[in-house]
Amino acid sequence: MLLATHWQLKSQGYSIKEFDLSGDINSWYTAHFDSINTKPLIGAWPSVSPPGANTNNFFFENAQNWTVASMKYDNHVYHNLNIRYDIEKHTAYLQHPLFWQPLIVNQEMVDWFKTPAGTFKPKKDEKGYYLVLFEGKNLSYTKESSKRVIAKEGALEYKRTNDLFLLTEGKKIRVERAKGFLKQFETHKKDIKQFMRTREIRNIKRDSKEAYLTRIAEYCDNLATL
C-alpha cells in the first residue's frame, strides 16, 4: 500500500499482500476505510504547507495544486495519485483520496513515480528521489534537486540547487559539464568531440544546457564499449 510502512499496516490487521487495487486506490479505501474517523496511518498527520505565490519548498515550482502521478509501490502500479515532492525535506507526499490529508510515502517501497516532469526514482542509501533525464542500457543521467531557506532583502525564500549525475557500473559521478563525459569515456574522446560539433547537438545546446548534456549521455550509452 502506498500510504504506510509494512509494519504500520500489519499493526492495523492489514497485510500488504492482500492489496489488489487493479490500479484504483479508491476501491481499497472504500472497502477498508468507510468512516472518516478511521485513519490508515498511526500517529499524527504530516503538515504540508501549500505553495506560496513566489516561493515554495517543492520540486514543481509553479504548481499551486497537487501533481497527478502514477507510482509503482511494492510491485503494484497505481494511477491518478495526487503527489507533492518536498525537496527541502526530500520527502514525497500523497493526498488521501477520501480525507484530502497528506500522507508520507515510504521511500523503501517505491520503485518509481511518474509525473508530467518525468520519472522519479528513490536514491540509493540516501533520503529523497532523483529525476531520470535519460536511462539506457549502460548508464543513466539524473538530476537531484534540493532547496534551502535563505534571507533575501528582509524576506525568507527558497534557494534551489540542481545537481546532475551519471550512474554507471554501480557508481554515481557528478557530471555537469560536457568535458565530464570526455573524462569518463576517454577511449571514445574523439568520437564524443565529433558528436559535440554536429549541428544537432549545437542547436540543442543553444536551447538548454540540461538537454544538451542529456543528449551527450544518450550518445555515450550507444557507444560500443564504455
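I looked up β7 against β8 first. Strand β8 (residues 140-152) runs antiparallel to β7, and four bridges join them. Strands here are DSSP runs of E, at least two residues long, numbered from the N terminus. Two strands pair if DSSP finds at least two bridges between them. Glutamate 135 stands opposite serine 140 in β8. A hairpin of four residues links β7 to β8.

The model is predicted: local features need pLDDT of at least 70, side-chain atom pairs count only at pLDDT 80 or more, and totals for chains, interfaces and linings use all residues. Numbering runs from 1 along each chain as its sequence is written, and side-chain values use heavy atoms, without hydrogens and water.

Next I checked the other side of β7. Strand β6 (residues 118-122) pairs with β7 in the antiparallel sense over four bridges. Lysine 121 stands opposite tyrosine 130 in β7. Their hairpin has six residues between the strands, and aspartate 125 there takes a positive phi near 60°.

How much of β7 is buried? Five of the seven residues in 129-135 are (buried: under 20% relative accessible area, 1.4 Å probe, protein chains only).

Last, I opened the largest pocket. Its lining includes Pro122, Tyr130, Thr142, Phe165 and Lys171. β8, β9 (155-168) and β10 (171-174) each supply at least two lining residues. A pocket is an open set of points on a 1 Å grid over the protein atoms alone, where a 1.4 Å probe fits, with protein on both sides within 12 Å along at least five of seven lines; lining residues have an atom within 4 Å of a point.

Definitions and conventions
Buried means under 20% relative accessible area, exposed over 50%, partly exposed in between (1.4 Å probe, protein chains only).
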